[in-house]
Amino acid sequence: MTQAVENVTELDAMVIGVGVAGLYQLHRFREMGLKVRAYDTATGVGGTWYWNRYPGARFDSQVEIYQYWFDEELYKSWKPSERFPGQPETEQWMNHVADRLDLKKDIQFSTRIESAKYDEKTGRWDVVTDDGEKINTQYLVSCCGMLSAPLDNRFPGQQSFKGEIHHTGLWPKGGVDLKGKRVAVIGTGATGIQVIQTIAPEVGSMKVFVRTPQYAIPMKNPKYSDEDWSYWSSRFNELKERVPTTFAGFDYDFYDKAWADCTDEERKEVLEERWEEGSLALWLASFPEMFFDEEISEVVSEFVRGKMRARLGNDEKLCDLLIPGPDDYGFGTHRVPLEHKYLEVYLQDNVETINCKSTPIEEIVPEGIKTADGVIHEVDAIILAVGFDAGSGALSRINIRGRDDRSLKDQWQQEIRTAMGLQIHGYPNLFTTGAPLAPSAALCNMTTCLQYQVDWITDCIGYANNNGKKVIEASKKVEDDWVRHHDEVAAETLVVKTDSWYMGSNVEGKPRRLLSYIGGVGNYHSKCDEVAKSGYPGFDIA
Ligand code: NA7
């Protein structure tokens, strides 16, 4: 036997990424008795909650449902401090999960997966890491994340900047001292909003580069006492049953009366009540008609605009720049962020806005940011809150070769397709979580959809094992059918008309397709359950 063969790590299953999905997938594979190992570029667990340690990072799903549902004792064993905990606490929780399940001994940190090549003769994957380690595995499961490929090299001249420049998704572990400094923030998506409202009190001055205004909802984030957590713990089984059946994997769901059957007063009451809730309920638990009907969308959008205008003291210039107008896009057709005193930041004397629509950023220069009008905005630090190559980005950054040496990156540069977000035709024994065309990122509370996908994948592999089979591949037909259904559902909504990372339009040249399934989480689960119950029709299992 040659040296090279001796140095190959042989596995039944390999997991890439140890965020919410990866930890659970590792746990499930271990329970099945498979020889499994997980790999992650980071030095610790957490995925999104490891990398996004920028000031103010926190989730928009209530902590009582941003949970694992497979173990009641695990749920009860963690005492969250508030309704929407910040990144440090969420990272601690993920470490708690990993330690409680003793997962870390099967995780290799600080390791980037460079390539994965399917061997048709053996039905197995040959994987190579950045330090040259070779892994041979029967099953390969991507848990790389939906929003984990940062667009960190966005502007020409970034390297020349004399001060500190950081993308929010690659924030240094030790933090960044912004106290008293002149800081620029580029981007006002969900991330930019969290950063801006958090650093505003400590920076010397701040220049916010705004291109697209955002609808945002004020977050209500009460502290949770032990009694509060006992209350939620007592509801564990009820929540566990309900959450996967709702439209977006939260514990709330749409109002049970159609818009057309409500009076104006009732509509207003429903919207006001959801607004006061201080969560994403206004978007995901009020009137679904806002996703389909332009007129209804406009009524809801105007409701939100009115709230925002009042906060900005009806300052015309600020309102124009920060609040989407009727001709921009409708509320909820873009990811809706929650915020806390965000708009008030713009009323501070030391905060300046730069309109990137009229004066786009041209380049980064040693002193700061140069805009198209020739102005150099001098700053000490630049925060790039400019987003991610969502959905397809993480897997495209690995050289993945399927049957006939086909390249996933090349394929997805032409058209982004998956079968239910769980497999890709031409890539046998490769399974995906958080991938395009499955529900994700606020159109699904991430813990809900990721756990479901891990369970589906685990059951599918279990089915193959029980039947003495070794290779599983989504047929072209099953993928075609899913893509068609996905597109039909998407085409009925207004979301496909709005430019955002949901549509891939934030990355130049990326083929346009809604990256998240919008037919509802409950519906997605029923469809995937049906496939599993019927013995995986449309999947070639050999
Ligand atoms: P987003 O939502 O993609 O937001 C990125 C922001 O950066 C957005 O305001 C962009 O404006 C702005 N941007 C990007 N490129 C530029 C340039 N060249 N000039 C000016 N402004 C620019 O990313 P986030 O990180 O906030 O959120 C991603 C998801 O993570 C979020 O939805 C949650 O689900 C978690 P644009 O809209 O393109 O005009």
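I looked up the pairing of β7 first. β7 and strand β16 (residues 381-384) pair in the parallel sense, over 4 bridges. Pairing here takes at least two DSSP bridges between two strands. Strands are DSSP E runs of at least two residues, helices H or I runs of at least four, both numbered from the N terminus. I165 has I382 of β16 as its bridge partner.

I noted the source of the model. It is predicted: local features need pLDDT of at least 70, side-chain atom pairs count only at pLDDT 80 or more, and totals for chains, interfaces and linings use all residues. Residues are numbered from 1 along each chain as its sequence is written, and side-chain values use heavy atoms, with hydrogens and water left out.

Next, the sheet. I read an open sheet of 5 strands, ordered β7-β16-β8-β9-β12, with parallel pairing. β7 (164-167) and β12 (351-355) are its edge strands, each pairing on one side only. Neighbouring strands are turned by 15° against each other on average, direction ignored.

I then checked α6. Helix α6 (residues 190-199) lies across β8 (182-186), β9 (205-210) and β16, at about 160° to β8. Angles run from 0 to 180 degrees between N-to-C directions; axes are lines fitted to C-alpha atoms, for helices over the stretch in contact. Contact means heavy atoms within 4.5 Å.

Last, α9. Its 14 residues (264-277) should span 20 Å at 1.5 Å a residue, and the end C-alpha atoms are 20 Å apart, so the two agree. The expected span is 1.5 Å times one less than the number of residues. I found E266, R267, V270, L271, R274 and W275 buried, meaning under 20% relative accessible area (1.4 Å probe, protein chains only). Their cover includes β10 (217-218), α10 (281-284) and α11 (294-311). Just after α9, G278 takes a positive phi of about 70°.

How values were computed
Buried < 20%, exposed > 50% of the residue type's maximum accessible area, 1.4 Å probe, protein only.
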